[in-house]
Number of protein chains: 2
Amino acid sequence: MQQIADIKYAAAVLQWDQETYLPEKGNAARARQLATLSETAHRLFSDDALGKLLQTLQERQDLDEKEKSNTSLTLEDYNKQKKYTGAFVRSLSEAVSAAFHAWIEARRQNDFTVFEPALTHLTELKKQESDILGYEGHPYNAHLKEYEKSTDTGQLDALFDGLQAPLKNLIGQLVNRDTDNSFLRFHYPKDKQWEYSLYLIKKLGFDTAAGRQDVSEHPFTTSFSARDVRITTRLDEHDLANMLWSCIHETGHALYEQGLPDDDYGLPSGEYASLSIHESQSRLWENCIGRSHHFWEHELPVLKQYFPQQLNQVDMHRFVRSINKVSPSLIRTEADELTYHFHVMIRYTIEKELLGGQLPVKEIPARWNELYKEHLDIQVPDHRQGCLQDVHWSHGSFGYFPTYSLGSLYAAQFWAQLKKDTPGVQDDIASGSLTGVHRWLQEKVFAHGRLLTSDALSRKITGEPLNTRFFMDYVKEKYGIES
Amino acid sequence: MQQIADIKYAAAVLQWDQETYLPEKGNAARARQLATLSETAHRLFSDDALGKLLQTLQERQDLDEKEKSNTSLTLEDYNKQKKYTGAFVRSLSEAVSAAFHAWIEARRQNDFTVFEPALTHLTELKKQESDILGYEGHPYNAHLKEYEKSTDTGQLDALFDGLQAPLKNLIGQLVNRDTDNSFLRFHYPKDKQWEYSLYLIKKLGFDTAAGRQDVSEHPFTTSFSARDVRITTRLDEHDLANMLWSCIHETGHALYEQGLPDDDYGLPSGEYASLSIHESQSRLWENCIGRSHHFWEHELPVLKQYFPQQLNQVDMHRFVRSINKVSPSLIRTEADELTYHFHVMIRYTIEKELLGGQLPVKEIPARWNELYKEHLDIQVPDHRQGCLQDVHWSHGSFGYFPTYSLGSLYAAQFWAQLKKDTPGVQDDIASGSLTGVHRWLQEKVFAHGRLLTSDALSRKITGEPLNTRFFMDYVKEKYGIES
C-alpha cells in the first residue's frame, strides 16, 4: 500500500507542477506521464496477489480494531479498482489533462466553445464510469459516493430543498444592510500581499517545514505525505479578500493533511475521512474563525501594519461587517456564507442533468446563466465569471461541489461542539492563541484518518448526524437575527 | 519505451522539486517515492516480454538504419537493466536521497563528518555496482562507461597526463597578468540579477514556453521531454560571474535538450549522445561564445543597462580580460578554462582511489586538500569550499566529472569546425545574432540523438576523434600566445 501511495503521490507532484510551474509546451508529455502513473497505480492496486493477501487478512482473527478497519477499507478500494480496466484509467487521465488545458485556454479567451469538445469527451467518460462503478437511483450517485460515501441525491435534494427557503429569507433581510466595504478593492501591491499571506498561514498553524505555498490560477491544496503539504493562493492587486480567504481556506485543508497520522502513510488510517470532512476544515477556518470578530481583534492590527494606508480608516466594526457582507455575486469562492449554498446548488443541478443525459455540454452556459438569474437574481456578464470560473469540471470532478455545502454545514456543527468542549476558546482566539482549536481538531478529527465515515465521525463528535440547524443557528447569531 | 520514459521523467520531476522547492520534512517520503519510481522503471525495463520483443525486432530484416540503431541500443540498455535486482535499484535510490540531504546539511554546517556515513554507504553500493555491471581493468570503468561509453581509465590517464605540462606552462605565463576584475564582486541586487538572467537565457535561445528557470543550491539542467526543460541558477549578491556563467552553461545544456527530436520521446534517437557531448554544449556556450569579446560586443551594453552604476567604469577590454582571468581557485564551477582541468583531474583521482579501495571515505578531505596543494598550489580553508562543493558524489555520480574535461575538449574541437563551416559567425555573434550557431548545432549535434557515440559523432562532425590540439590552439589564440 505504501508503494501504491508512492505512485499516487508522485502523480500528485506532477499535477501540482502542472498547476504552478509547467511551461505551456510541456502539456502533452505531462499528460502522457500522468496517464502512465495512473495506469501503474491501478495495475498495482488491482493485482490479484494483493486481493488474495487482503482476503487472507480479512479472515484473520488476531487483528485489532484499527487493523480490521484498514483491511476492510483497503479491500473495498481494491474491489473498486478491479472494476476498471487499465485502458479506461489511462484514457480518463488523458482526458482530464486535455480538459484542464482547454479550460485554462478557454478562460484566457473567455470562450466556452474552446472548452466544450474536451469537456464533452470527459463527460462521456464520466457517464461510462457511472456504469463501471455501478449505482442505485441516479447515475450521479456513482460519482457523489467517490467524494462522500455517506450521501446520495435523495438526501442532497432534500437537504438543499430544506435550506432554500430559510436562506432566501435571511438573505432578503440582510442584503440591504449598508456596508461600505470599498477598502477591500483598494490597491494592495502583490509583494506585500505575498509577504502578509506567509505571515497569515504560519499564524494559523501551517508548518512551513512540512509544506509550502505557491501561486496558481485556482487556489488548491495537495499533499505528498503529511510532511509535505502544498497550498496555493491567488494574488489580485485590487482584491484583498481574494488572498485573505483563499489563504485561510487552504490552510484549513492543509492543517488537516499535516495532522493526519504520518506513520500510517498509504493506509486508510493515514488518509482524510471524506471530501465533506476536508471541506469542513477549510470552512471552519475560513468562516467560523476567519470571519469572526474574535479572530480580527488580534489580527486586524497586524494586517494594518502591512497595509497602513489602505486600512487607516477601517475600524473593527466596519472590517467585520465588510467581510461578512451578504450580497448575491458571481464567483463562488468569493461568496458570502449564505449565498454560497446557491452557487453549490446550481452546480449540483447542472451536474445531475449532465450525467443524467438531460443537458448536453454545449448548453451549460445557457443553463448556468438561467439558474443564476433564478436563484441569485443576477445576470452573468461573461463565461469567465460564469461557468468557466471553477477548475473542477476540467478535472472530471463531478460530484465534488456538494461536499462544499456539506462541509460548511459540518463546519458549523463541529464549531458548536468545539466551543462547548473548549470554554473560552473565542477569548483565546481574540488574544491570538489558536492552540485550543488545534488541539480539539487534532484529537476529534485528524486522528481518525479515514477509519470513520463522515456520518460516523459526526455522531462520534457531536452525538448526532448532520443537522442543518447548527448552520442556521450559527449564521443567525452572526447576523444578530432572532431565531 | 514511452511508458518507461514516463516513469523516469516523473522521477526527474520529483528530483527537480527536491532540489528547488521541497520542504525539509518532506525528505523521507520523497526518498521512498523516488525509490518506488526507480524500482517501477526497472521492473518495466527488465521485463522478459520486452526482452523477447527486442530480440524479435533485432532479427527483422526490414528495419531502416534508425530503427536498427534504436533497437540495438535499447537491447543494450535492456541487458544492462537485467543485471540489476529491483532491491538493489531501490536501495541505491534510497541511498542517493539520504546522501543528498546529508550533503545539504553538511554544507550548511561546513562539516564533512555529517556527510561521511551516507557517502560511505553509497560508495559501498557503487562498488557493488561495479561488479554488477562488470568491467575490464579498473572497477571505475564500470561507472565511467555509464556516462561516456567511448572512454576508459587508460585513455583518460593518458589524456590528463598529456594535458598537465602544457597547461601548467600556460598557466605559469598567464597567472601574473594584471587584471582588475574587482567590479565582478560589487553589489548586484538579486532581483536585478534574476531579471537579467531571464533576459540572458532568452537571448541565448532558451525557449521559455518549453522550459523554465528556477533557483537552487547547485545549478543544474533536467528535462521531462524536449518541450519541458528546467534549468536552475544561483544568485549571489556579491558575485556577478556566478549567475552569468551558470546561466550560460545551463542554457547550453538546455538548448541541446530542447533541440532533441521530440517525436522520438523514449527512444535512443530522442536522447542525448553522452554526458561528454552534453558538456560540450554547455562549455561551448559558456567558454567559446560566452567568454569571447565577440559576444560581449553586443551584450555588454545590455548588461550595463541592468547595472549602470556597477559597470560604468568597465570597458570591453577590461571586461573580457576580467572574465578570462587565469588564477588558481577553490571552486570548480568558477574556475578559468585552464585551471578547470585540474579541478576535474583531482576529482577523477579521488574517485578512482575510492572505487579502487585505496581511499576510505573519511580520508577524502585530507586527500582533496593535498591534491589542491599539489596541482594548484592553494590551501583549502574549509570543506564547503573544498570537498563539499559539488553535488555529484551525493548523487552517487562517480565517473561523471571526467566528462567535464572531455566536454571542454570536444567543445573546442566542435567550435573550430563550426567556425570553419560558418564563415562570419563571430561577426554575426558580435552583431547579436546567434542563428548560425543554433543552426549548426541543431544539424550537426542535436539531430542525431544517441544514435552516434561521442567518438563517432566527433569523427562525423570534425573528421577525427577527440584531439586535445583543438583545445590548446583555442586557448593559445584566446590568450594571444604563439604556438
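Helices (H or I, at least four residues) and strands (E, at least two) are taken as DSSP runs, numbered from the N terminus. The model is predicted: local features need pLDDT of at least 70, side-chain atom pairs count only at pLDDT 80 or more, and totals for chains, interfaces and linings use all residues. Side-chain values rest on heavy atoms, with hydrogens and water left out.

Aromatic rings of Phe, Tyr and Trp (its six-membered ring) pair if their centres lie within 6.5 Å; planes under 30 degrees apart count as stacked, over 60 as edge-to-face and the rest as tilted. Over all chains, 55 aromatic pairs occur. The ring centres of A:Phe100 and A:Trp103 are 6.1 Å apart and the planes lie at 35°, so this pair is tilted. Both residues belong to helix α5 (residues 86-109) of chain A, three residues apart, about one turn of the helix. A:Phe100 and A:Trp103 are both buried, that is, under 20% relative accessible area (1.4 Å probe, protein chains only).

A:Trp393 and A:Phe401 form an edge-to-face pair, 6.2 Å centre to centre with 90° between the planes. Both A:Trp393 and A:Phe401 are buried. Ring pairs link these two into a cluster whose members also include A:Tyr147, A:Trp368 and A:Tyr372.

Methods: Residues are numbered from 1 along each chain as its sequence is written. Chains are lettered from A and ligands numbered from 1 in the order in which they are written. Buried means under 20% relative accessible area, exposed over 50%, partly exposed in between (1.4 Å probe, protein chains only).
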